[in-house]
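User: I'm new to this one and would like a walk through it. Can we go piece by piece?

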Amino acid sequence: MTSNGIAQVPEDWDVVIIGAGPAGMAAALYTGRAKLKTLLLDRAGLGGGQLMNTELIEDYPAIKSITGSAMADDMVEQIREFGVEITYGEVTAFEARGNRRIVKTEDGTEYVTKTVIVTTGGLPRKLDVTGEQEFAGRGVSYCAICDGAFFKNQVLAVIGGGDSAVEEGTFLTRYGEKVYIIHRRDEWRAQKLLQERALNNPKIEPIWNTVVEEIGGDGKVQWLRLRDVTTGEEQRVDVGGVFIYVGFMPNSQIFGHEYPKDAQGFVITDDKMETPVPGIYVAGDVRSQYVRQISNAVGDATTAAVAATRYIEELDATGDTEEAETAEKVPVEY
Ligand code: NAP
């Protein structure tokens, strides 16, 4: 502890990675293999991220089918073999100080590093209707894998029409007697394979062109008030639980104004995954991009890790000192 109460971790790191989902662990694999001193900070203190909320992964090349938790375990084991350290840390900010980057956590610790790779992912978006907050944990859920088993033989509703809604709706038929998938349009945006699987499942009943106006019940979820957006007609549907999958919000709050973001708050990088601040990279779901799959999160994290490795090589070759001024970066076209 220093006199001002800040716990400064004595050793310097080459790479501090923030967030231990698939992107963070892929970046760590590459920097670990490059023999860079790599620290992986995670607010859960363990590896996995969204993998832990995913039942099965069937769209990762060369792996026909694997559970999310098994993939997470394999990734953790693999990176530990290359000396990567994983530790608990809720990061509140990071900044450039000369040739060093400082990562600050909520307990007052400051990690000193040459590069930072931010792979903080995101969180489910809220539906923002009456009853959602009141019944959170009492019938309103954002994670079928975590909570599905509490709803055996009940009628359930899933809200949304993307991959998550359609995939998790199918998963919930293991427990639910019936699963409504309630979507605001007349077609899902989910992958065709997931759609086929859901539509062929006799327990699934899609409700099209419909939005949820209210979630209600007595102490726990018992019904939904729905509105048909084409006719304006309202109906009440009895359900024991509602699973909300209406998109994804980035965990990008730790980025200051110097980092460009898109309209939804995802962080924009160049094609090396680098931000306007040299030595700070972003990969995975928190980054602004066209698709959000494990495979492209891993690919972008690989790019970030290789770019960070080359940045450190150049820094070391030019006589790196902690105090040296940050090199002026050529403006990036976003
Ligand atoms: P998403 O693809 O953004 O889909 C969100 C869905 O919610 C859309 O159907 C959207 O309707 C609907 N929606 C949004 N706001 C709404 C509102 N206020 N009221 C009612 N409905 C609303 O989100 P996601 O399904 O969570 O997927 C996130 C990312 O992860 C995607 O890139 C997805 O491909 C990826 N993912 C992949 C897999 C896989 O490969 N197996 C699995 C899960 C997720 P509209 O369609 O009308 O816009």
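User: How many residues does helix H2 have, and how far does it reach from its first C-alpha to its last?

Analyst: This is a predicted model. In it, helix H2 (residues 68–80) has 13 residues and reaches 19 Å from its first C-alpha to its last, close to the 18 Å expected at 1.5 Å a residue.

User: Which residues of H2 are buried?

Analyst: Gly-68, Met-71, Ala-72, Met-75, Val-76 and Ile-79 are the buried residues of H2. They cover an arc of only 135° around the axis, so they sit on the same side of H2.

User: And which exposed residues are on the face turned away from that buried side?

Analyst: Asp-73 and Glu-77 are the exposed residues carried by that face of H2.

User: What do the buried residues of H2 pack against?

Analyst: They pack against helix H1 (22–33), strand E2 (38–42), strand E3 (56–57), strand E4 (66–67), strand E5 (85–88) and helix H6 (294–317).

User: Take H1 from that list. How many of its residues are buried?

Analyst: In H1, 10 of the 12 residues are buried, so this helix is largely enclosed by the rest of the structure. Among them are Pro-22, Met-25, Leu-29 and Thr-31.

User: What about the span of H1?

Analyst: The end C-alpha atoms of H1 are 16 Å apart, which agrees with the 16 Å that its 12 residues should span at 1.5 Å a residue. H1 is followed by Lys-35, which has a positive phi near 65°.

User: You also listed H6. Is Asp-300 there buried or exposed?

Analyst: Asp-300 has its place in helix H6. It counts as buried, because its relative accessibility is 14% and the cut-off for buried is under 20%.

User: What is Asp-300 in contact with, leaving aside its neighbours within four places in sequence?

Analyst: Its contacts are then Met-273, Ala-283, Gly-284, Arg-287 and Gln-289.

User: New topic, the open sheet. What is its strand order?

Analyst: The order is E10-E17-E11-E12-E13, five strands with parallel pairing. Strand E10 (140–141) and strand E13 (204–207) stand at the edges with a single partner strand each, so one side of each has no neighbour in the sheet.

User: Which strands does E11 pair with?

Analyst: E11 pairs in the parallel sense with strand E12 (residues 178–182) over five bridges. Val-155 stands opposite Lys-178 in E12. The chain gets from E11 to E12 through helix H4 (residues 163–172), and this β-α-β crossover is right-handed. E11 also pairs in the parallel sense with strand E17 (residues 241–244), over four bridges. There, Ile-159 has Ile-244 as its bridge partner.

User: How many bridges join E12 to E13?

Analyst: Four bridges join E12 and E13, and the two run parallel. Tyr-180 stands opposite Glu-205 in E13.

User: Which residues does the salt-bridge network link?

Analyst: Glu-95, Arg-97, Lys-104 and Glu-110 are linked in a network of salt bridges. Within it, the side chains of Arg-97 and Glu-95 meet at 3.0 Å, N to O. Arg-97 is partly exposed at 37% relative accessibility, and Glu-95 is partly exposed at 28%.

User: One more pair. Where do Glu-213 and Arg-227 lie?

Analyst: Glu-213 and Arg-227 form a salt bridge at 2.4 Å, N to O. Glu-213 is in strand E14 (residues 210–216) and Arg-227 in strand E15 (residues 223–228), 14 residues apart. Glu-213 is partly exposed, with a relative accessible area of 24%, and Arg-227 is partly exposed at 29% relative accessibility.

Definitions and conventions:
Residues numbered from 1 in each chain as written. Predicted model: local features only at pLDDT ≥ 70, side-chain atom pairs only at ≥ 80, totals over all residues. Heavy atoms only, no water. Pairing = 2+ DSSP bridges. Right-handed = clockwise from strand over helix to strand, strands pointing away. Salt bridge = Lys/Arg side-chain N within 4 Å of Asp/Glu carboxyl O. Buried < 20%, exposed > 50% of the residue type's maximum accessible area, 1.4 Å probe, protein only. Expected span 1.5 Å × (residues − 1). Arc of directions from axis to C-beta. Contact = heavy atoms within 4.5 Å.
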